[in-house]
Amino acid sequence: MTKYFFFAGIISGGLLGCTKEGPVGDKYIRLSYGQTYCSDPWGNTGADSINLKKMGIYLDSIKLYVADAELKQVSAPDMCAACFCKTGKVFYVTTFDEPSMVSKFRDLGFE
């Protein structure tokens with residue numbers, strides 16, 4: 001019984017003792033990007049989960065921090081099928097509300 005309390009104490013102490021600290025002034029902003037049929041920098045494979053993962057990998061590769069991301073259907077797709085036409089889905093990313101970070105996202109087409 002004593003061993004149980006010992007291990008429970010170690011585990012709970014380890015879990016409670018660890019905290020994730022963010023940078024000073026960690027304010028966040030949510031940005032959106034309208035998905036296209038094939039002109040997104042990270043591509044479009046058709047599967048939402050894969051597109052979301054590819055977007056995360058791409059943004060990470062260019063050193064853009066993403067705290068949270070999702071892809072939602074918000075409207076009907078455009079009637080055209082050109083690369084620049086919209087699928088009706090929108091990528092939402094949450095990142096630090098820092099001018100340099102937001103500027104880089106805006107350069108990619110995020111609003």
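Analyst: Let's start with Lys 63, which counts as exposed because its relative accessibility is 69%, and the cut-off for exposed is over 50%. Keep in mind that this is a predicted model. You'll find Lys 63 in the loop between H2 and strand E2 (68-73). Lys 63 also has a positive phi of about 65 degrees, even though it isn't a glycine.

The protein chain has three helices and three strands, and if you read along the sequence they come in the pattern α-β-α-β-β-α. The chain is 111 residues long, and 25% of them are buried. Its accessible surface comes to about 7600 Å², with 61% of that belonging to carbon and sulfur atoms.

Asn 51 sits in helix H2, and Asn 51 counts as buried because its relative accessible area is 0%. What does the side chain of Asn 51 reach? It gets to the backbone nitrogen of Thr 45, at 2.8 Å. Leaving out residues up to four places away in sequence, Asn 51 touches Gln 35, Trp 42, Gly 43, Asn 44, Thr 45, Gly 46, Leu 71 and Phe 91.

The three strands make an open sheet in the order E1-E3-E2, with antiparallel pairing. E1 and E2 are at the edges with a single partner strand each, so one side of each has no neighbour in the sheet. From one strand to the next, the twist averages 20 degrees. In general, strands of a sheet pair through backbone hydrogen bonds. Here, eight bridges join E1 to E3. As an example of residues facing each other, Tyr 28 stands opposite Phe 96 in E3.

Next comes H3, which lies across E1 and E3 and runs at about 165 degrees to E3. Arg 106 is found in this helix, and it counts as partly exposed because its relative accessibility is 43%. Not counting residues up to four places away in sequence, Arg 106 touches Ile 29, Leu 31 and Glu 111. Arg 106 and Tyr 33 are 73 residues apart in sequence, yet their C-alpha atoms are 9.3 Å apart in space. For the chain as a whole, among contacts with a separation of 6 or more, 65% are between residues 24 or more positions apart.

Finally, look at the largest nonpolar core, which has 14 residues; Met 55, Leu 59, Val 93, Phe 105 and Phe 110 are the ones touching the most other members. At least two residues of this core come from each of strand E1 (28-36), helix H2 (48-61), strand E3 (86-96) and helix H3 (99-107). Phe 110 is a handy one to click on: setting aside neighbours within four places in sequence, Phe 110 is in contact with Leu 31, Ser 32, Tyr 33, Trp 42, Met 55, Leu 59, Val 93 and Phe 105.

Key: Residues numbered from 1 in each chain as written. Predicted model: local features only at pLDDT ≥ 70, side-chain atom pairs only at ≥ 80, totals over all residues. Heavy atoms only, no water. Core = buried A, V, L, I, M, F, W, Y, C linked by side-chain atoms within 4.5 Å. Buried < 20%, exposed > 50% of the residue type's maximum accessible area, 1.4 Å probe, protein only. Helix = DSSP H or I, 4+ residues; strand = E, 2+ residues; numbered from the N terminus. Contact = heavy atoms within 4.5 Å. Areas by Shrake-Rupley, 256 points an atom, 1.4 Å probe, with all protein chains shown as cover. Pairing = 2+ DSSP bridges. Axes fitted to C-alpha atoms, helices over the stretch in contact; angles between N-to-C directions. Polar contact = N/O pair within 3.5 Å; in protein donor to acceptor, adjacent residues only side chain to side chain.
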